[in-house]
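User: I am new to this structure and would like to understand the words used to describe it. Please show it, and then I will ask about the terms.

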Amino acid sequence: MFFLYYAGFGSFHYYILFICGSLFAAISISVTSVSFIIPSAQCDFQMTSLHKGILNGASMIGMFFGCFISGYMADSKGRKYTLVVCMMIDGIFNLISSVSQIYPVLIFCKLMSGFGVSGVTVFYSYLGEFVNNKNREKFLCWMELFWTFGVIILPCIAWLVIPQTFRIEYGFFLFRSWNLFAVICSLPSIIFSYLLVKLPESPKFLLAKGKHDETIDCLKFVYRWNNKTDDEFPVTSLTLPDCCINEQNNSFFNGLYKSILELFTSKFKVVAMNTCTIQFCCTASFYMMVLWFPELMNRFRWYETLYSGPKNMTNMCEIVSLFKVEPEEIDLKCNDEIDQSVYENILIIGIACIPTSVIVPLLVNRFGIKFFLVLSFFGSGLSAACLYFITSSFENIVLSSVFEALSSLGIGLVFCISVELFPTEYRGVAVSIGSMFGKIGAVIGNIVVGVFIDAHCMVPILVSCSFLIISGLLVLTLPKTGRIAIK
């Protein structure tokens, strides 16, 4: 993207990184907030382990359907347009979920929130198409640090809000601390979406659509911001690419079908299939474990402080199975308090992600994204396997921290490398379809955990470990990327 050279590189790029990163952190808060809502709202909705698994999976189902639409919208309507719409959907339905009084309404709101969150894949395309070749990989990798900030901020908010004991009751309506927590978690998406509206559309997208004047205006905006001047932009005309993305009056679904068909009949079809498989495996493994960490920590704390039976358990599965609650026993045994150690442990896990989130952007130009992808997947796969052998809260927090740091890094880097693997006309759809396969894996993974966590917890551990190893091997088959102009 040689034309970006004339716009310069400076404060505008750091501001757009801040906005995109903050929205990425908002998505982190939105997606993982359910892991705190589940234990604190389980009595209100009389949830069993299966109900919890369905609630965890609801947002993933929304992301699954949203990925189709957000990817097509990004390639047809624009990157910024898609991001604003998706993030507003996420924020509004999270806000509605905060006052839901029955389980099906909560499920629907989380499903729609997931539909909005599906726009996460567009952030990488939007940001990457503003940044020059020299800084692109580094900027995209810095996005992972913002996800980490979201993971750190979330338990702090939960720790301050959820332990509060207030109750607002009016007839059928009940508002407790977890409801207020849901309100707070909805606000970042709405606030930063408004700030995103003030920014221009991707210049690469505008040029690929044949919008010459709009592209010049966008570059002028960037030039004046970077150089803090009202001087005339030195470029007055651009050569349009040989193959622009044609504006066609197709129906929405017809256009979506054609976009997907063109991708999987192009020379990029093998790369697309590989990235879809990688996304399926690594995302399934990540959500299979991460969204259940607070629940597992609660069970370990219960075992260590309240369990009165013999404490001679030899692995995690034996400990977890002791906490099994049958549906008919919920009213007698339900406890919706979250132990303070859970907040502390989740905060520790978030802080443990900082080193990898900082080291990778600093070294990615030297070693390449593929190197860190393979390292993160193999490392997180090994940590997932070791989870089976833990018998204490300390061992749990150490391995959970390693798993979270490496697996979340791997997922973020898959989005980074996908921006460089596909040209502009396929990028939005390709990245979104890959993410869609990831959400299929996440839904299946959450249901697997909900079904097997009480009686056969070895199953999700084995599946998670295997999927991460497969992801690492498939990364080795991807084309080389680096300091090349994205097409």
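User: Why is Q46 called partly exposed?

Analyst: This is a predicted model, in which local features need pLDDT of at least 70 and side-chain atom pairs count only at pLDDT 80 or more, while totals for chains, interfaces and linings use all residues. Residues are numbered from 1 along each chain as its sequence is written, and side-chain values use heavy atoms, with hydrogens and water left out. Q46 has a relative accessible area of 43%, and because buried means under 20%, exposed over 50% and partly exposed in between (1.4 Å probe, protein chains only), Q46 counts as partly exposed. Q46 sits in the loop between helix 3 (34-45) and helix 4 (49-76), where helices are DSSP runs of H or I with at least four residues, numbered from the N terminus. The phi of Q46 is near 50°, a positive value in a residue other than glycine.

User: What makes P234 count as exposed?

Analyst: The relative accessibility of P234 is 53%, and since exposed means over 50%, P234 counts as exposed. P234 belongs to the loop between helix 11 (212-227) and helix 12 (252-263).

User: Why is helix 17 called oblique to helix 20?

Analyst: The axes of helix 17 (residues 340-352) and helix 20 (residues 393-421) come within 8 Å and cross at roughly 45°, the axes being lines fitted to C-alpha atoms over the stretch in contact, with angles from 0 to 180 degrees between N-to-C directions. Angles under 35 degrees count as roughly parallel, over 145 as roughly antiparallel, 65 to 115 as roughly perpendicular and the rest as oblique, so helix 17 is oblique to helix 20. Where the two helices meet, with contact meaning heavy atoms within 4.5 Å, N345, I348, I349 and A352 in helix 17 touch I397, S400, S401, E404 and A405 in helix 20.

User: What makes the aromatic pair of F18 and F192 edge-to-face?

Analyst: Rings of Phe, Tyr and Trp (its six-membered ring) pair if their centres lie within 6.5 Å, and planes under 30 degrees apart count as stacked, over 60 as edge-to-face and the rest as tilted. A search of the whole structure finds 28 aromatic pairs. For F18 and F192 the centres are 6.0 Å apart with 75° between the planes, and the pair is therefore edge-to-face. This pair links distant parts of the chain, F18 in helix 2 (residues 11-32) and F192 in helix 9 (residues 177-197), 174 residues apart.
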